2 protein chains.
Amino acid sequence: MKAAIGSVPGLAVVLVGNREDSQAFVNIKLKACNEVGIETSIVQLPQDCTQNRLIDVVSGFNKNPSVHGIIVQLPLPQHLDEERVINFVSPEKDVDGFHPLNMGNLALRGKEPLFIPCAPKACIELLLRYGVEIVGKNAVVIGRSKIAGLSTSLLLQRHHATVCTVHSFTNNPEQITRRADIVVSDVGIPNIVGCDWLMPGAVVVDMGTNSVKDPSSRRGFRITGDVCYEEAVKVVSAITPVPGGVGPVVLSMLLSNILDSAKRAFGFT
Amino acid sequence: MKAAIGSVPGLAVVLVGNREDSQAFVNIKLKACNEVGIETSIVQLPQDCTQNRLIDVVSGFNKNPSVHGIIVQLPLPQHLDEERVINFVSPEKDVDGFHPLNMGNLALRGKEPLFIPCAPKACIELLLRYGVEIVGKNAVVIGRSKIAGLSTSLLLQRHHATVCTVHSFTNNPEQITRRADIVVSDVGIPNIVGCDWLMPGAVVVDMGTNSVKDPSSRRGFRITGDVCYEEAVKVVSAITPVPGGVGPVVLSMLLSNILDSAKRAFGFT
């Protein structure tokens, strides 16, 4: 792209406050962008920044033609209106895919959202790459966050799976999950999905990223998924480990969304 | 409202071509509006009208402050881009709730769409009015049209049901449906749901509106639902008949959407 048209894709990140995990996530994204030649800029705002200041920053990125993707790192401090800020990101630069316009077009068959959120896109990418059939299969998605669970339900349904969404109000979630050919977990509770939740031969995509105390680790904690991997691996036909499973693919999908956005902006095909 | 602020809600309808069923649906809507004091205007365009002409008409209604709801009667003739037209309706006047922005906000928990499509709204209204518990119940929605099935899935999930969507690619739809406490059908195939699809005691909302030949009828046809009512009624705890079940409630929900829109426009609470 650089060689052909002399331009490169650009990502802008807004980070408010000083949460260590958010800082770490942002660094991973920036590093990945830099490695593949995507220009990055980051604005760091103080914890007590006003809603108007944040909207101003996003507004500047919306107008900036060398920015093709905007990430407002979540969660925002409590005093800020997260929904209003996300709605303010231009749908044409919403590489996270969280804008309701993109979410609506994801839900509506026959429409093409400009961006699909990275986590569900990664999930489908993994299933397709590993030759897992989706059409007509029974899929259970545990959890319904917009970042992962909800959008994965919608995307699996676009791929013609029969999707059931299990959540905190569900009675007998293990019984429902045990009927699924494909299980996607986005709960945020370590090891909640045991082997009694899984049909023999099921395919499991574990989107959980949970930090658990581990005195034996240098950092004092380790990252684990929602699925009890050691148990599950004896039962299922395929499973993504945590860490190292879905995570890196999610990052690739972000890069792919930024590239697609830049191509659209430059009319480059 | 008229007494308090001297203004009334207004609905504008655009009807393209001369489909008899569309004309009949529009007449029902206009009649209901007139009965409750909603002003109506209708623009009828010829079958061969251009996309630009249609957009011009919608654009006029978007700008007209005495119009609070716009309905573009579907389906449009094949040469017109239905999606583009729906996207062009102002989300603030989208009383059908089909704009992707409203659909996205329906999907996203914690967000409030300006309008919820009338069919799912009617479904929930019926369930609540008849004291059917939704939270934590297993619901199966058969069909995934944006008008009814998809949006009903999303709305039931907002009400904390555990929702499974069954469609043409689903294997053993009867087996999956038989597990449901609440069954909503939006298939468009007369009598497809027999009593072997239903759990004893289930609650059934039949959104099908199918025309079947009936030589004994004066008109030569009659309207029937997706569910084989005579069979189902012996098994279920509650069921909506067709005609006369969901239909009139859908119409009420349209009136309610128009009224809400006018209240928002006038700042009238």
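Colleague: Which residue of β3(B) is the bridge partner of B:V14?

Modeller: The partner is B:V72. This is a predicted model, where local features need pLDDT of at least 70, side-chain atom pairs count only at pLDDT 80 or more, and totals for chains, interfaces and linings use all residues. Residues are numbered from 1 along each chain as its sequence is written, chains are lettered from A and ligands numbered from 1 in the order in which they are written, and side-chain values use heavy atoms, with hydrogens and water left out.

Colleague: What makes strand β1 of chain B and β3(B) a pair?

Modeller: Pairing requires at least two bridges found by DSSP between two strands. Four bridges join β1 (residues 10-16) to β3(B), and the two run parallel, so they pair by that definition.

Colleague: And why are β2 and β3 of chain B called edge strands?

Modeller: The open sheet has three strands in the order β2-β1-β3 (chain B), with parallel pairing. β2 (39-45) and β3 (69-72) each pair on one side only. Neighbouring strands here are turned by 15 degrees against each other on average, direction ignored; the axes are lines fitted to C-alpha atoms.

Colleague: Happy with that! Why is B:V203 called buried?

Modeller: Its relative accessible area is 11%, and buried means under 20% (exposed is over 50%, partly exposed in between; 1.4 Å probe, protein chains only), so B:V203 counts as buried.

Colleague: Which residues is B:V203 in contact with, leaving aside neighbours within four places in sequence?

Modeller: Taking contact as heavy atoms within 4.5 Å, B:V203 touches residues including B:L127, B:V132 and B:D181.

Terms used:
Axes are lines fitted to C-alpha atoms, for helices over the stretch in contact, and angles run from 0 to 180 degrees between N-to-C directions.
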